[in-house]
Amino acid sequence: MRSPAGSRSRTRSWPAALVSYVVFVGSHVPGSGWATALTMVAVGAVLFVGLYWLRRNLPLCVGAHAVTNLLILANA
């Protein structure tokens with residue numbers, strides 16, 4: 001049984017997902033500090049990378065990030 005073409009491209013794209021994850025978490029260190037970046041931001045990054053991996057829709061991920069930021073700002 002052959003695997004779908006999409007699954008093959010997803011198995012080869014994990015290095016890009018890892019780089020995106022590291023850049024996303026690293027870019028939040030200056031504003032959030034290491035402790036927050038390595039805990040809360042890291043979990044959010046896993047969710048955003050997973051969302052992109054499943055949907056292949058960057059605007060959806062940007063929107064999810066914006067909603068997350070609005071929720072954090074509303075509770076600050």
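Predicted model: local features only at pLDDT ≥ 70, side-chain atom pairs only at ≥ 80, totals over all residues.
**Entry 1: the overall pattern**

I read along the protein chain and got the pattern α-α-α-α-α. My tally came to 5 helices and 0 strands.

Next I looked up how much of the chain is tucked away. Of the 76 residues in the protein chain, 16% are buried. I also checked contacts between residues at least 6 apart in sequence, and 42% of those join residues at least 24 apart.

**Entry 2: H2 against H4**

I wanted to know how H2 and H4 sit together. Two packed helices are described by the angle between their axes and the distance between the axes, so I looked up both. For H2 and H4 the angle is about 145°, and the axes are 9 Å apart. I noted the crossing of H2 and H4 as right-handed.

Which residues meet here? From H2 I listed Trp14, Ala17, Tyr21, Phe24 and Val25, and they meet Ala37, Leu38, Val41, Ala42, Ala45, Val46, Phe48, Val49 and Trp53 in H4. Sorted by class, the contact of H2 with H4 has 14 nonpolar residues, no polar ones and no charged ones.

**Entry 3: the core**

Which residues form the largest nonpolar core? I found 6 residues in it: Val25, Val29, Ala37, Val41, Ala42 and Ala45. H4 gives the largest share of this core, with 4 residues.

Leaving aside its neighbours within four places in sequence, valine 41 is in contact with Phe24, Val25, His28, Ser32 and Thr36.

Serine 27 is in helix H2. I have it down as partly exposed, with a relative accessible area of 47%.

Valine 43 is in helix H4. Is valine 43 buried or exposed? I have valine 43 at 52% relative accessibility, and anything over 50% goes down as exposed, so exposed is what I wrote. Valine 43 is 18 residues from valine 25 in sequence, and their C-alpha atoms are 9.3 Å apart in space.

**Entry 4: serine 13**

I then went to the loop between helix H1 (5–12) and helix H2 (14–27), where serine 13 is found. Its relative accessible area is 18%, which is under the 20% cut-off, so I put serine 13 down as buried.

What does serine 13 touch? Not counting residues up to four places away in sequence, I found Trp53 and Arg56. Trp53 was already in my notes, as one of the H4 residues that meet H2.

**Entry 5: arginine 56**

That sent me to arginine 56, which is found in the loop between H4 and H5. I looked up its phi and found a positive value of about 55°, although arginine 56 is not a glycine. At 35% relative accessibility, arginine 56 counts as partly exposed.

**Entry 6: H4 against H5**

Last, I checked the helices on either side of that loop. Helix H4 covers residues 34–55 and helix H5 covers residues 58–74; their axes come within 9 Å and cross at roughly 155°. That angle makes H4 roughly antiparallel to H5. H4 passes H5 in a right-handed crossing.

Which residues meet in this pair? On the H4 side I wrote down Phe48, Leu51, Tyr52 and Arg55; on the H5 side they meet Leu58, Leu60, Cys61, Ala64, His65 and Thr68. By class, I have 7 nonpolar, 2 polar and 1 charged residues in the contact of H4 with H5. Phe48 is one of the H4 residues I had already listed as meeting H2.

Conventions:
Residues numbered from 1 in each chain as written. Heavy atoms only, no water. Axes fitted to C-alpha atoms, helices over the stretch in contact; angles between N-to-C directions. Helix = DSSP H or I, 4+ residues; strand = E, 2+ residues; numbered from the N terminus. Parallel < 35°, antiparallel > 145°, perpendicular 65-115°, else oblique. Left-handed = near helix turned anticlockwise from the far one by under 90°. Contact = heavy atoms within 4.5 Å. Nonpolar A, V, L, I, M, F, W, Y, C, P; charged D, E, K, R; others polar. Core = buried A, V, L, I, M, F, W, Y, C linked by side-chain atoms within 4.5 Å. Buried < 20%, exposed > 50% of the residue type's maximum accessible area, 1.4 Å probe, protein only.
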